[in-house]
Amino acid sequence: MIVTFILIGLTVAVSLLAFSNPRLKQQLVLWPPAVRRNHEYWRLVSYGLVHADGMHLFFNMFTLYMFGQFMEVYLNSRMGPLGLPVLYLGGLVVSILPSYLKHQNDPSYYSLGASGAVSAVLFAFVLLRPGATIYLLVIPVPALIFGIAYLAYTWYMDRQSTDNINHSAHLWGAGFGLLFMALLEPGLVTGLLR
């Protein structure tokens, strides 16, 4: 489970540095005009290393800790040690592309945080173990029910655009995690539909 801890350690370290170094934070966030005009393509990944505040960082890393370890063990058995990094980094990039394309000429837009990648890991778990129990605060919820409710809430909030949260990244990250697992284990989808 070392990859999970490396991802958490790296993200926490960079986020903590960026909390006290605004210049570093600005160099790492996804700012679409910098990618488009200046070819700063690293921002399509580095935005996941910085977070808005301690709570944002905590929730993302706690979720990664809770589900990343399980997914790492499972993916190691199916793909080797690159399984979790491919899922996580793929989720990070795929989840931000729609936001990038929508805002590529918007100098006031930026996005940060690992939520899209974490959603990919979480929803890969949901498809793999739909009957598992996920605790929403202290309420036990079956993973499949949690997943459906989360997607509905995130879709609704994305349409509202009333906060500074990139709900689109959550949706696309979740979609990537589901597709990743469906391609890896096609039987998961047919088993779910029975």
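Mentor: Phe59 has a relative accessibility of 48% and counts as partly exposed, and Phe58, with a relative accessible area of 46%, is partly exposed as well; these values come from a predicted model. The structure holds 8 aromatic pairs. In one of them, the ring centres of Phe58 and Phe59 lie 5.6 Å apart with the planes at 65°, and because an angle over 60 degrees counts as edge-to-face, that is the class of this pair. Phe58 and Phe59 also belong, together with Phe62, to one aromatic cluster.

Another pair joins Phe123 and Tyr150, whose ring centres are 5.6 Å apart and whose planes stand at 40°, so this pair is tilted. It links distant parts of the chain, since Phe123 sits in helix H7 (residues 115-128) and Tyr150 in helix H8 (residues 143-160), 27 residues apart. Phe123 has a relative accessibility of 1% and therefore counts as buried.

Turning to the helix packing, the axes of helix H5 (residues 54-79) and helix H6 (residues 83-103) come within 7 Å and cross at roughly 130°, so the two helices are oblique to each other. On the H5 side the contact is made by Met61, Leu64, Gly68, Met71, Glu72, Leu75 and Met79, and on the H6 side by Gly83, Leu84, Leu87 and Tyr88.

Conventions
Residues are numbered from 1 along each chain as its sequence is written. This is a predicted model: local features need pLDDT of at least 70, side-chain atom pairs count only at pLDDT 80 or more; totals for chains, interfaces and linings use all residues. Side-chain values use heavy atoms; hydrogens and water are left out. Rings of Phe, Tyr and Trp (its six-membered ring) pair if their centres lie within 6.5 Å; planes under 30 degrees apart count as stacked, over 60 as edge-to-face and the rest as tilted. Buried means under 20% relative accessible area, exposed over 50%, partly exposed in between (1.4 Å probe, protein chains only). Helices (H or I, at least four residues) and strands (E, at least two) are DSSP runs, numbered from the N terminus. Axes are lines fitted to C-alpha atoms, for helices over the stretch in contact, and angles run from 0 to 180 degrees between N-to-C directions. Angles under 35 degrees count as roughly parallel, over 145 as roughly antiparallel, 65 to 115 as roughly perpendicular and the rest as oblique. Contact means heavy atoms within 4.5 Å.
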